[in-house]
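Welcome! Please take a first look at the protein below, and then let us walk through it together.

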Amino acid sequence: MEGYLVKVYSFNKENGKRITAFDSNFILTQIAKTENATHTGVVFLEPGGIIGFHEAVVPQILLVIEGEGWVRSDTQEKQRIKKGEAVSWAKGEGHETTTEKGLTALIIEAEELLPFDCSSPPKT
């Protein structure tokens, strides 16, 4: 395969865009978009940051890469989430993410998104 070069992409905070919709306060860097309307991005919530309460337009997964915070939905009280954990929301489900100390997360959104159940150890 001649002629192919590795492309290195930066998804750091400095390349992001501040989002303030829904009374939010965070920075989003987009990562990829597919023809099937799959969106991925990294969000940077600074201490005291918030992704304001809103309904998921499509199913979503939020994977915490660094830090910790709180998540809630319209059917559940807030619960703590930390590095190495993920949460998913169904299409139409209201949700919010907040942090006191700061949080960096990967967000994946897609119409046909089916998260794996990783709540128990894999079967061997």
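Is Glu 68 buried, partly exposed or exposed? With a relative accessibility of 26%, Glu 68 counts as partly exposed; buried means under 20% relative accessible area, exposed over 50%, and partly exposed in between, with a 1.4 Å probe and protein chains only.

## About the model

This is a predicted model, in which local features need pLDDT of at least 70 and side-chain atom pairs count only at pLDDT 80 or more, while totals for chains, interfaces and linings use all residues. Residues are numbered from 1 along each chain as its sequence is written, and side-chain values use heavy atoms, with hydrogens and water left out.

The pLDDT, which is the predictor's confidence in each residue from 0 to 100, averages 84 over the protein, and 80% of the residues score at least 70. Confidence is highest in strand β4 (residues 50-55), at 96, and lowest in β2, at a mean of 78. Over residues 120-124 the pLDDT stays under 50, and the model has zero contacts there beyond four places in sequence. Where pLDDT is low, the predicted coordinates should not be read in detail.

## Overall build

The protein has nine strands and zero helices. Both are DSSP runs numbered from the N terminus: helices are H or I with at least four residues, and strands are E with at least two. Of the 124 residues, 32% count as buried. The accessible surface comes to about 9,000 Å², with 55% of it belonging to carbon and sulfur atoms; areas come from the Shrake-Rupley method with a 1.4 Å probe, and for residues only the protein chains shown count as cover.

Contacts (heavy atoms within 4.5 Å) also tell us about the fold. Among those between residues at least 6 apart in sequence, 61% join residues at least 24 apart.

## A loop with positive phi

Phe 22 is found in the loop between β1 (17-19) and β2 (26-33), and Asp 23 is in the loop between β1 and β2 too. Most residues other than glycine have a negative phi. Phe 22, however, has a positive phi near 60°, and phi of Asp 23 is positive and near 60° as well. Phe 22 is exposed at 52% relative accessible area, and Asp 23 is exposed at 72%.

## Charged partners

Side chains of opposite charge can pair when their charged atoms come close. Counting a salt bridge as a side-chain nitrogen of Lys or Arg within 4 Å of a carboxyl oxygen of Asp or Glu, the structure has eight. Glu 68 pairs with Lys 101, their closest N and O atoms being 3.9 Å apart. Glu 68 lies in strand β5 (residues 60-73) and Lys 101 in the loop between β8 (94-98) and β9 (103-110), so this pair ties together parts 33 residues apart in sequence. Lys 101 is exposed, at 62% relative accessibility.

Glu 96 forms a salt bridge with Arg 72, at 3.0 Å between the closest N and O atoms. Since Glu 96 lies in strand β8 and Arg 72 in strand β5, the pair ties together parts that are 24 residues apart in sequence. Glu 96 is buried at 16%, whereas Arg 72 is partly exposed at 31%.
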